[in-house]
Amino acid sequence: MASLLASTGVFTCALAVVALVIAAAGYDLSGAARAAVEGAVGSPFAVLSATLKRTAPFLMLGLAVAVAFRAGVLNIGAEGQFLAGAAAACAVGLFATPVLGRATLLLEIAAGMVAGAGWAGIAAMLKRRFAVAEVVSTLLLNFVAANVVAYLVRGPLQEPTGAYPQSSMLEPIARLPLLIDGQRLHAGFPIALILALATWWFFRSTAAGFRFRMTGSGRAAAASAGLINVNAVQMHALIASGAIAGLAGACEITGVTYVLYEGLSPGYGYTAIAVAMLGGLHPLAVVASATLFGALGAGADAMQRNAGVPAGFAVVAAALVVLGVLAIPRTLRLLRPAWPGRS
Amino acid sequence: MAEMEVVGNFLEAAVRSATPLGFAALGALIAERAGVVNIGIEGSLVCGAFASFVVAGLLGPEAGFVAGGLAGMSMGLVFAVFVVALRAQQIIVGAAVSMLGLGLTASLHRIAVSSTGPGAPISTFLPLQVPVLSEIPVFGQAFISQPVTTYLLYALFPLVGWGLYRTVGGIALRAVGEQPSAAVSAGHSPARIQCAALLACGFLSGLGGATLVVAQTGIYSDGMSAGRGYIAMAIVALGRWTPRGVAAGALIFGGVSALQFLTQAVNWRVPYTIVLATPYLLTLVAMAALRGARAAPAALGRTLNRL
């Protein structure tokens, strides 16, 4: 309860600071606020096609980050794993649809998860075999992934005319179904909700989840208890985290964009760190924080469209949220044991 | 002679690409020798680039260069407040500071564009020829036909080396990075030293970002730091946490970036994006080959509890 209050407080403070900056920059604050609120929650269209559509990737990526961080693994490569998942799903969708028809969708989702897990697996292997810190390797792999996508959309996956750096559009049967006619909310959203419940249950009620949590709250203690192989647990956590991020990428391309292109992720993987932190790394709280960030993104877009206020302020707000959460001593006490010694 | 000109052009481009990396990596080196991992360098770089563009447009490239350093330092200050004073986890603060820098510059740039239109390219530092030295074949073309900011970087490397190894402050800084309690016993304050190191790191990173604008492109675009802050950290690891190694590492990374010019010159058909990915892959390979962080300061990344 106290942490819920604190998180709400932090979010409100971050918004207030950004509002002050917007006003100081000479914009009409009330107009901007009205545009933002209407764009985020003002109509069924705003809620379903703007806010919740955006919530799906934030929620899945936030869960991916939370799974890794809870096990004490600093996976900041959700961005690259997301792109790997999206690229794999796209490739499967383009080549398998004529053969498999409806079943393609399942294969796309599976391919996305495997690709995300594999991309994180590179970092896991580098950590295990060569003692390369996952903080650096996952981050560097983000840039490699972005360049691989840039290569794919100009090479093997480029649309046949060769005029644009993007893939062909996925066939309608290879797409995630939309939930409501005329709205852009797709089946990825309930998948994300189920995933949140599953993650919560995993941490709360399974032995493996217990090992994850123990490893995260103190490597030395977990190892000396004798039953936990902390290196293996952290490797599994990193790969699981990558699989979830890859799923997010697959859902984004099969549910929202239907094509692969370079700017597919406007930094979703980095925002996800803020989503997970605001949710205190708790899977159910991450649902709430992902929804808030979805609304924030939708509101910021509407603000830029209708009131001319730069959407970049949403990124600033997200950064302030992370800093605010870190500044709360209680959160600090909760998080500090998770990363003892070196990072 | 044509081959020598290709080599000279390639090395010249390598040094040019290495310069912003060198400034940022030197900053990262100072912070890491004081025991702090600062992935917020990216934020300092992009703020430095933006501030230098704005100020250089008004007051000229010299003022822009200094303004870039100061803007980078302000991001370093934010990082220092959270990591040193509030003792928050360094990686997460760094990620947030990078986001803050990228978001702020994108917003401010948009505000500037909507009120005054896109800024015209500013006048940049031109290559400064040095008599005799610039005449040396290949070497002169590569190293001594650069903007004045690059010569400043040449001077900074030995200066930082001298400061880290030959001054009381530098020895205390390295002690904080290796064994903070020993530094405390010797009467030094780790908090104060880490703060100073982070401000220096932010300033140098800001200069690196400014170099991109006032010594190279003459224009600012959103996110133009393009991950150089993260490459800087890779360079420090590659250079085994020494000024000499960092200088060599920056040159290697500059060389890989410049390969794209070389592939064009010799008409070598390699996809451009693959060339762009190589520095990141090279870092991963280098870190794996060096088996992680053996040479790293012992207390690197540790949150200091009692100071």
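A residue is called buried if 20 or more other C-beta atoms lie within 10 Å of its own, exposed if 12 or fewer do, and partly exposed in between, with C-beta atoms placed from the backbone. The model is predicted, so local features are given only at pLDDT of at least 70 and side-chain atom pairs only at pLDDT 80 or more, while totals for chains, interfaces and linings use all residues. Residues are numbered from 1 along each chain as its sequence is written, and chains are lettered from A and ligands numbered from 1 in the order in which they are written.

**View 1. Buried residues of helix 8 of chain A.** Helix 8 of chain A covers residues 207-217, and its buried residues are Arg211(A), Phe212(A), Met214(A), Thr215(A) and Gly216(A). Helices here are DSSP runs of H or I with at least four residues, strands are runs of E with at least two, and both are numbered from the N terminus. The cover over these buried residues includes helix 3 (44-70), helix 7, helix 9 (219-224) and helix 10 (230-257) of chain A.

**View 2. Surroundings of Gly188(A).** Gly188(A) belongs to helix 7 of chain A, residues 188-205. Is Gly188(A) buried or exposed? It has 27 C-beta neighbours inside 10 Å and therefore counts as buried. Apart from neighbours within four places in sequence, Gly188(A) is in contact with Ala56(A), Leu176(A), Cys251(A) and Gly255(A); contact means that the C-beta atoms of two residues, placed from the backbone, lie within 7 Å. Gly249(A) is 61 residues away from Gly188(A) along the chain, and their C-alpha atoms are separated by 10 Å.

**View 3. Chain A as a whole.** Chain A contains 14 helices and zero strands. Of its 343 residues, 57% count as buried. Among contacts in chain A with a separation of 6 or more, 78% join residues 24 or more positions apart. The C-alpha atoms of chain A fill a box of roughly 55 × 55 × 30 Å along the principal axes.

**View 4. The side of chain B that touches chain A.** The contact takes 43 residues from chain A and 44 residues from chain B. On chain B, helix 4 (90-116), helix 10 (228-238) and helix 12 (272-289) each supply at least two residues of this side. Which helix gives the largest share? Helix 4 of chain B does, with 16 residues. The side of chain B that touches chain A has 29 nonpolar, eleven polar and four charged residues. In this scheme Ala, Val, Leu, Ile, Met, Phe, Trp, Tyr, Cys and Pro are nonpolar, Asp, Glu, Lys and Arg are charged, and the others, Gly among them, are polar.

**View 5. Helix 11 of chain A against helix 4 of chain B.** The axes of helix 11 (residues 268-278) of chain A and helix 4 of chain B come within 10 Å and cross at roughly 125°. Axes are lines fitted to C-alpha atoms, for helices over the stretch in contact, and angles run from 0 to 180 degrees between N-to-C directions. The two helices are therefore oblique to each other; angles under 35 degrees are roughly parallel, over 145 roughly antiparallel, 65 to 115 roughly perpendicular, and the rest oblique. Tyr270(A), Ile273(A) and Met277(A) of helix 11 of chain A meet Ile92(B), Ala95(B) and Met99(B) of helix 4 of chain B. By class, this contact has six nonpolar, no polar and no charged residues.
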